[in-house]
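Keep the 3D view open as you read.

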Amino acid sequence: MIFIMVFAAAFLLSLVFTPAAIRLAPKIGAVDIPKDNRRMHTKPMPRFGGMAIFIGCMAGLALAAYYAWPMLEAQYLEEYPGIQLLMQPVSQMKGVLAGGVLIYIIGVIDDLKNMPAKVKFLGQVVVACVAYAFGVRINYITNHFGNGFGDTHSYLFGA
């Protein structure tokens, strides 16, 4: 039930902020104007819709890190004294939140100023270093489509 509330909060915030993002985009110049055949739109479109999704996702992550996980942990510790839980540490969630905020800022600057690819890549590397400093790691990757040999899981640096 706790995580349904987290999902609902993220969804509702995204829903509420979408119209605000659509109204804000032309005011700050974040509009994609179709100038050539590469564009799929025939009329100007706001490029700032990610703001609503960003706000919803960050709120959901913050609620999960600071409210849901500790509440769930307390519930399990009360029911099963001495149990060691494999919960996501809050410090790693702070790394995900910090990385998300920084990557969003880079995206906004790119939308407004059209950053060169090298500068954008350097910013993304810095964001990855920040997340790494907070202890965020990817230890396992799942391939839901399989590798053609019946195996649906692949490990980093392994068979």
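In this predicted model, helix 3 (residues 90-113) and helix 4 (residues 117-133) have axes that come within 8 Å and cross at roughly 170°. Angles over 145 degrees count as roughly antiparallel, so helix 3 is roughly antiparallel to helix 4. On the helix 3 side, the contact is made by Gly95, Ala98, Gly99, Leu102, Ile103, Ile106 and Asp110. Their partners in helix 4 are Lys120, Gly123, Gln124, Val127, Val130 and Ala131. Sorted by class, this contact has 7 nonpolar, 4 polar and 2 charged residues.

Now look for a pairing of charges. Side chains of opposite charge can pair when their charged atoms come close. How many salt bridges does the count come to? The count comes to 1 salt bridge. Aspartate 110 forms a salt bridge with lysine 120, and the closest N and O atoms are 3.0 Å apart. Because aspartate 110 lies in helix 3 and lysine 120 in helix 4, the pair ties together parts that are 10 residues apart in sequence.

Next, turn to helix 2. Helix 2 and helix 3 pack at an angle of about 170°, and their axes are 10 Å apart. These two helices are therefore roughly antiparallel to each other. From helix 2, the residues in contact are Gly50, Met51, Phe54, Met58, Leu61, Ala62, Ala65, Tyr66 and Trp69. They meet Val90, Met93, Lys94, Val96, Leu97, Gly100, Val101 and Tyr104 in helix 3. By class, that contact has 14 nonpolar, 2 polar and 1 charged residues.

| Helix 3 and helix 4 | within 8 Å | roughly 170° | 7 nonpolar, 4 polar, 2 charged |

Finally, look at the surface. Which residues form a nonpolar patch there? The patch is made of Met1, Ile4, Met5, Leu63, Tyr67 and Met71, with about 600 Å² of accessible area together. Helix 1 (2-28) and helix 2 (50-79) each supply at least two residues of this patch. Its largest share, 3 residues, comes from helix 2. Methionine 1 has its place in the segment before helix 1.

Methods. Residues numbered from 1 in each chain as written. Predicted model: local features only at pLDDT ≥ 70, side-chain atom pairs only at ≥ 80, totals over all residues. Heavy atoms only, no water. Axes fitted to C-alpha atoms, helices over the stretch in contact; angles between N-to-C directions. Parallel < 35°, antiparallel > 145°, perpendicular 65-115°, else oblique. Contact = heavy atoms within 4.5 Å. Nonpolar A, V, L, I, M, F, W, Y, C, P; charged D, E, K, R; others polar. Patch = residues over 30% accessible without salt bridge, like charges linked within 9 Å, V, L, I, M, F, W, Y side chains within 5 Å. Areas by Shrake-Rupley, 256 points an atom, 1.4 Å probe, with all protein chains shown as cover. Salt bridge = Lys/Arg side-chain N within 4 Å of Asp/Glu carboxyl O.
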